[in-house]
Structure formats: structure tokens, C-alpha cells
Amino acid sequence: MIKPLDIRYMELLSKSFPTVAQASTEIINLQAILNLPKGTEHFLADLHGAFPAFQHVLKNASGNIKRKVNELFGNEVRESEKRELCTLIYYPERKLELVKQTEPDIDDWYHITIHQLVKVCREVSSKYTRSKVRKALPPSFSYIIQELLHERTDDIDKAAYVKGIIDTIIDTGRADDFICTICQVIHRLAIDQLHILGDIFDRGPGAHLILDLLRQYDNWDIQWGNHDILWMGAHAGNDACICNVIRLCLRYANLTTLEEAYGINLVPLATFALDTYNDDPCSEFIPKTSGGSEKLNEKNARLTAMMHKAIAVIQFKLEAQLFHKHPEWGMEDRDILSTIDFERHTCKVNGKEYPLTSCFFPTLQYNSNDALALTPEEEDLMLRLHRSFTTNEKLHKHIKLLFSHGCMYTIVNNNLLFHASCPLNSDGSLKEVQLFDGKSYSGKDLMHHTGMLIRSAFQGDTDAREREYATDYFIYLWCGPDSILFDKSKMATFERYFIADKATHKEEKGNYFLLRDNESVCERILDAFDVTGPNRHIINGHVPVHAAEGENPIKANGKLMVIDGGFSQAYHKTTGIAGYTLVYHSRGFQLVQHEPFTNEEDAVRTGADIKSTMQIVEMTSHRMLVADTDKGAELRKQVEDLKQLLYAYRHGIIKEKR
């Protein structure tokens, strides 16, 4: 018996499947899809603007393409030829240029190479329906690729047909375009779903390039990281976030992102810094340069240091203003500027006095009644910067992209993904954290309501008071002690700049980081998020894994995996490696540990790939099918709905639309 409400739904469904034959065909199709192997999921975290390494890892699918090439061709071709084929798949345009300079018989090379690429493409597409593969094909070569994928040269009757297709591709001068197209298809099909566990921004200069590349993909998601939230807050108009964004770019000599990518005009900041800090050596603010940073001469390094200090001091003022505005955050003790004794050259941290390495703060003495007040020059500067960040069209597109593909957490195929932390009490129980209007939440509710709160900062129909609080809250997410994106006792930025005593630099980790090695604690979190199944996991980024010191990214007896190994060169000395990625295919989990990526030029000319070490984390007893995934559960529901539609047709409840 079908209920009245169900009948209305059936009538809507009948518009897509107007006859018994069409509904039956769709049921057959969905049941068949359930028996396909599970698609490969690719997990990355903490990209930090390292575009070349990110792009290469996407192109080689964390070594999956190389593995498939080795499996397909084995000893049939030499190692050097397999390496050349992989490089061609990764960088087809660049590699073709080199090949045509050295290859004596280019037509013969085209024949061999196209056959090899079709074979690789057939392998990576084998997990998908013909319909899904067809949708992934560019229109220009869609029909030709389909024909080559589904016809084999070992079929005598078809060999001449296949040869004729390839001959015509070459004769019409379309071989280069075809090779580039099929390589792009291989990239797309090698990975079914991409998960990014936060922190696209900061450190490296290529965050905008990463986001531009992601705009070309459909099946990806992101769990926002603290650095992403900082840029989102800057675009929302939180001036403290704007200062933090600029300070970090100056700290790592990463002006490319600000000036070239988003067109942020830093001339007013440079002018203000020269006028205000020209007599200060600003030695604490000399930028940290690495392989991905801009190379600065002495004059530019000096100017950058002055700009760095200027924006840092404004940041400390604006942050402290917000901490006093929101005493419920419990962060008023982070107002260190107000504790400075200019005669003794000291400040106080947690009530204890410490000498300052520098006590040149000319803008703090402007108004002795309020150490946190901006000078008129600082106010004018912040108005200009505020306008640049909040009205920036390209930044708006990128932040909108983060919102459309992202959230604070996601649950997919029995895996709980979030960037940093789930706040806990010392006994491992979920901690209640206060949000807007004094309402407190923990665990799943905390992450959900935090995500909803920050979205309200960009929604014009939101209550003005809530929108103001949401805009302010970005800075708490960046550095608040119970923030799900920070979860430390403090962010010791001021202390690292101005206090020599390293004891003040220490940031005590929250209970989540102290207890996440405990399997029962991880099980409790998974229960709280309603993650079910025997093989369930938490997957995080955020905290670099000190692989050089022997730290294991697999924790809590395999229940938790941390895949922030340091993509950015700024982390390489700390971690000893260049990042972890995680691959989840039909046979289980593989953790991939990467060595530093040199550059695209080396990859193309010498076939240099990222050297990666694969570690089997967990293998399933049987090959996982689509039926074993979240997608499978969704398809089974669709099958049940279609069966109800068939019932309605056959019993005359709904008429077929012939």
C-alpha cells in the first residue's frame, strides 16, 4: 500500500521514468553499478600554497598511475620507457615538445604511445560505467576515445578498424591534441573523489593556483582549516584576520599571493611602515625565506621587515580589542600590549614580567589612555586594506568555492574527516563550547553550528547582531583555546617576536591532541558523530608529523590517521619529509609518504617523479564494491523507490505516460 505523500513523490519520479520499461531499465542499471569496484578516494591536507607539489600529486594520483603502468606493462617495456610514459601522462604538452625535438620517427612513436595511453585509460576507467566515463570525456574526442576504449587490437576483426582510427588521428595532425586529451582523462579517472582536509592558504605562493585548478574538478570536498578560515574572515571584513593574513605573507616573503594573485595594494602599508619604523632595525621581523619564497635583496628585506612589524602591531591591537569585546572567550589575558612598561622595557605574560627584546612601539604612545587605539594613520591604512579584501572579486570567487565544496567536517564511507580537533575534557569526554547567544555545543553539533555561524557572516538576511558576532568569531577560530581549528592554550605570536625566554613560546596542546592516541577516545568520538561500521576511522591534518623523529601518522591502533606531513617547504626541516597523502581504493587504505618535489622542469626533462613510500594501513578481506559505500546505500534507496513506482504503474495507482 502506498501512502498519499508517497504517491506525490511517485508522481514526481514518474516524470523522469514515465513508463514501466524505463523504470525497469534504471533498476537494472543501478543494480549493475552496485557490483562495480569501489572508486579510489584521495586524501590530502595542509597544502599551504605548494602548488607545484600539489599539482604533481594530483597528476600522478599519489603514485597510483605509476603503479598501474607497472602492472600493465611489467617486463614488456624497459623501466626508462615506463618512466617516460608516466611523465607524458603527467605533463603531456611539455613532454611532447621534447619528444618532437629528439624522436626520428614521430609517426611510429605516435602509434606506440597512443596504444599505450589507451591501455592505461582502459585500466583506470574499468571501475566506472560507460555512462560515467562518457561524461568525463571532452566533446572534441569523446566518440573516438569511446571507440578505442571498447575495441581491442587482439580482436582480428577489429584490429584494422582501431589502426584506421589511430592512422587518421595522426594523418589529420591531431595526434598532439588527442594525447593531451586522453592524458587529462587518465588524471580525472585515476581518482574518483578528492578530499582536502584544510589549509590551502599561507606559507607558499600558490594558494590561488590550487583553487583555480580545483574549480576544474567536480567531485571534491574540503574540510576548512585554520588558515582557510583566516582568509575567509579577512574577506568577511574581520580586520584582525586581514592583519594576520598580511603578516603571514610578509613573514614568509610571500607577496605574490597578495599582490599578483589578488591585487591587494600594499603601497599604503609600505609608506606607513617607512614613516613609522624607519629608525627601528626590526630584526625580529626579517622574513623567513625558503625555496618557495621570493628572493629578497637587503633593501627589500629591510622594507618587508618594517611592513611586517607595522601590520603585526596593528594586529595585536585589533585582536585585543576583540578579546575585550568578547569576555566570554576567556582571552583578555592575551592583551599583552596593555601590560608594556616603557620605562623598564618589560611586559607581562600570565602575570609574570619579562624583558622585551625591543621596546620601539611609537604608535602605542599616541594615546596613553588607550594603548589599543589605532592612530589616525593606522585607521586610514586599515580602511584601505579592509576595502581591498572585502570587495576583491577574485578572492570572492575563491571563498565562494570553499563554501560550496566545504564544511567543518564530513563523514564519507565510515571515515570522519576534519582538519584539526574535536575539543575534549581531560577525561576524554566531549567538551561543551559556547557559541552565539551563550548556546553551547559539543562534538558533531559544535562543528555543525560553527559552520552555520560562519556562513551567516556572508548572508545579507542574517540578523545584524549575529552577523557581527560571526564576523568577530573568525579570529577565535584562528587562535581561541577551544577552537575546533586551533585547540591550544594560546597562540604565542607576540612572545615569539618580542620575548627571548622560550618558555613563553610554548603553546600547550588541547586534550584532543593529548588523548588521540587512545583508541577508546577515538571510538567515543566516532560514536558521537554516528560513524558506524567495523572499519571506521578519523582522518586529520593540521599538526605536522615529525617523521624524521620517528613519529607514526597512524594512531590509536589504526583508528586515527594524520596526513599533514608538510607539503610546504616551510615545514620540510621540521617534518623531514614533504607530506603524506592517503589513498583509499577497493582493496583498502594506503598511506603515501612523499619526498620533496623539485620542480616541473626536472619532472619533464629527466622523468623525475616524487619519490614516495607506500605503507599499507588496512586491507579489506574482499574487494570493496560500490554496494559497500555511501553511494551504494544511496543507490539501493533509489532502487526501492523505483520498485515502488513499478508497483504504482502495475496497480493503476499512477498511469504510464507513453
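Select Lys 132 first. Lys 132 is partly exposed, at a relative accessible area of 39%; partly exposed lies between buried (under 20% relative accessible area) and exposed (over 50%), with a 1.4 Å probe and protein chains only. Residues are numbered from 1 along each chain as its sequence is written, and side-chain values use heavy atoms, without hydrogens or water. This is a predicted model: local features need pLDDT of at least 70, side-chain atom pairs count only at pLDDT 80 or more, and totals for chains, interfaces and linings use all residues.

Asp 192 lies in the loop between helix H11 (175–190) and E2, and Lys 132 in helix H8 (residues 130–136), so the pair ties together parts that are 60 residues apart in sequence. The rule: a side-chain nitrogen of Lys or Arg within 4 Å of a carboxyl oxygen of Asp or Glu. By this rule the count is 29 salt bridges. Helices (H or I, at least four residues) and strands (E, at least two) are DSSP runs, numbered from the N terminus.

Next, pick Glu 495 and Arg 334. They form a salt bridge, with the closest N and O atoms 2.9 Å apart. Glu 495 sits in helix H22 (residues 493–498) and Arg 334 in the loop between helix H17 (298–325) and E4, 161 residues apart. Both Glu 495 and Arg 334 are buried.

Go to helix H4 (residues 64–73). Glu 71 and Arg 67 both lie there, four residues apart, about one turn of the helix. Their side chains meet in a salt bridge at 3.2 Å, N to O. Glu 71 is exposed at 52% relative accessible area; Arg 67 is partly exposed at 24%.

Then select Glu 523, Asp 527, Arg 536 and Lys 559 together. Salt bridges link these four in a network.

**Strands**

Show E2 (residues 193–196). Which way do its side chains point? Gln 193 and His 195 point one way, Leu 194 and Ile 196 the other, and all are buried. In a regular strand the side chains alternate between the two faces of the sheet.

Two strands pair if DSSP finds at least two bridges between them. E1 (residues 41–44) runs parallel to E2, joined by four bridges. His 42 has Leu 194 as its bridge partner in E2. On to E3 (residues 220–223): three bridges join E2 to it, also in parallel. Ile 196 stands opposite Ile 222 there.

Move to E4 (residues 346–349) and E5 (residues 352–355). Four bridges join them, antiparallel. Lys 348 stands opposite Glu 353 in E5. The two strands form a hairpin with two residues between them, and Asn 350 in the turn has a positive phi of about 55°.

Now select E7, E8, E11, E13 and E12. In that order, these five strands form an open sheet with mixed pairing. Strands E7 (409–412) and E12 (554–555) are the edges, each pairing on one side only.

**Two last stops**

Most residues other than glycine have a negative phi. Asp 530, in the loop between helix H24 (519–528) and E11, has a positive phi near 60°. Asp 530 is exposed at 52%. His 542, in the loop between E11 and E12, has a positive phi of about 75°. His 542 is buried at 12%.
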